[in-house]
Amino acid sequence: MKKNFKVFFLICIVAAFFLQSACSKKNAKKSPAAEPTASSDVEIFDEKNFPKAVMRKGYTHPYRWNKVEGEKVRFKEIWGYVLAERLNEWERDAPLTDIGLFAVEVDCYGNLERAPSRSLIKNFNGRVHLVAVCQSRSLTHFVIDARFGKRDRLVRDLISASKDFDGLQIDYELVPKLDGEDFAEFLRLLKKGLGSKQLTVCVHARTKKLQSDVEDYERLAKICDKVMIMAYDEHWATSAPGSPASMDWCKRIGEYALSILPQEKYIIGVPFYGRSWMTEGDRPAGAWQFNGSNRRLSENKVERIKRKDGIPYFEFETTVKVIQYYEDATSLVQRCRMYQSQGFSNVAFWRMGQEDVAFWDWIEIAK
């Protein structure tokens with residue numbers, strides 16, 4: 001009898017354990033903490049909510065797919081920038097009308113170097129433009145000021161390098177502020193030499209008119225066929241954290257641009273890239289004063305200082321908070337729809353290979 005009672009008692013304990021476990025799991029599923037609220041902007045990493053259809057090139061981590069809804073966005077011209085040394089990153093199914101092949105540079109003597117060949121872009125039926133860059137303020141001054149004797153030869157070389165292309169785009173982003181007239185004349189000579197081929201110029205984003213602006217939209221538009229607005233880098237590596245192109249900022253860029261020129265004179269630039277920042281407290285810096293080093297010793301409770309060849313150094317471990325802004329299909333479609341509603345018909349993406357490839361399902365060429 002006692003033996004049967006012990007067995008019965010043991011069975012009851014086991015049954016109670018499993019019943020309590022089942023109730024806990026059931027309640028956990030109902031817990032509001034387990035799921036974000038309907039109004040939450042938080043997206044939870046969850047593999048089961050990640051559609052297999054979007055597991056394509058570019059995805060390395062599943063996340064809750066914030067599905068794009070509505071109609072596709074349409075533009076007359078869709079430009080994509082392709083790096084000559086990264087042709088394998090170009091999404092061949094992307095609906096592009098134009099490719100900007102990046103880039104031909106200027107060496108320290110004012111001569112062209114590393115001009116990419118048009119033949120690099122194969123099996124593409126649209127237009128291909130050679131993009132020319134000069135990534136030094138002093139060098140830009142040197143090559144566009146006729147007094148140094150380099151400008152006219154550079155113009156001839158750029159025209160020659162463009163002979164197999166449909167157009168030439170000048171992406172000289174560091175024109176000195178006193179060289180506005182020289183830059184305009186440089187563009188006039190290029191347009192004259194290119195003839196019927198398209199000449200476009202890249203300009204920085206503006207939300208208002210600037211004094212002594214070497215990238216004055218109205219002046220450049222009288223020379224070039226189109227002006228490409230680089231509507232990105234609102235925040236950059238050394239700025240406070242934020243989107244490279246916040247929606248409100250982009251809206252104001254569009255409003256200002258259209259107050260100056262008709263939309264057909266513009267190509268509006270959209271970023272595919274993002275940026276990240278570390279917290280200020282332990283962010284590496286270029287140099288430290290002695291007081292700063294001493295303060296770090298104290299703040300991080302360093303107990304051991306080492307020396308190498310008599311030079312003191314110390315080590316410590318710490319954690320940092322990282323904030324990263326990026327673009328996905330949802331944000332890209334939202335930005336493109338905003339530009340479309342403003343009336344822009346031409347858009348350009350910097351650059352191919354950096355994008356959320358699901359975005360290409362939501363954009364098409366206007367017929």
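This is a predicted model: local features need pLDDT of at least 70, side-chain atom pairs count only at pLDDT 80 or more; totals for chains, interfaces and linings use all residues.
**Entry 1. Helix α6**

I looked up the burial pattern of α6 and found Trp249, Cys250, Ile253, Gly254, Tyr256 and Ala257 buried (buried is under 20% relative accessible area, exposed over 50%, partly exposed in between, with a 1.4 Å probe and protein chains only). Viewed down the axis of α6, these buried residues fall within an arc of 170°, so they line one face of the helix (the arc is taken over the directions from the helix axis to the C-beta atoms).

Residues are numbered from 1 along each chain as its sequence is written, and side-chain values use heavy atoms, with hydrogens and water left out.

I then checked what the buried residues of α6 pack against, and listed α5 (217-221), β8, β9 (266-271) and α8 (329-342) (contact means heavy atoms within 4.5 Å; helices are DSSP runs of H or I with at least four residues, strands runs of E with at least two, numbered from the N terminus).

I also compared the length of α6 with expectation: its 14 residues should span 20 Å at 1.5 Å a residue, and its end C-alpha atoms are 21 Å apart, which agrees (the expected span is 1.5 Å times one less than the number of residues).

**Entry 2. Salt bridges**

I noted a total of 23 salt bridges in the structure (a side-chain nitrogen of Lys or Arg within 4 Å of a carboxyl oxygen of Asp or Glu).

I examined the pair Arg275 and Asp233, whose side chains meet at 3.1 Å, N to O. Arg275 lies in strand β10 (residues 275-278) and Asp233 in the loop between β8 (226-230) and α6 (247-260), so the pair ties together parts 42 residues apart in sequence. Arg275 is partly exposed at 25% relative accessibility, and Asp233 is partly exposed at 35%.

I found one network in which salt bridges with shared partners join Glu77, Asp98, Arg127 and Lys226.

For Asp216 and Lys209, I recorded a salt bridge with the closest N and O atoms 2.8 Å apart. Asp216 counts as buried at 15% relative accessibility, whereas Lys209 counts as exposed at 57%.

Finally, I looked up Glu113 and Arg114, whose side chains form a salt bridge at 3.6 Å, N to O. Glu113 is partly exposed, with a relative accessible area of 25%, and Arg114 is exposed, with 57%.
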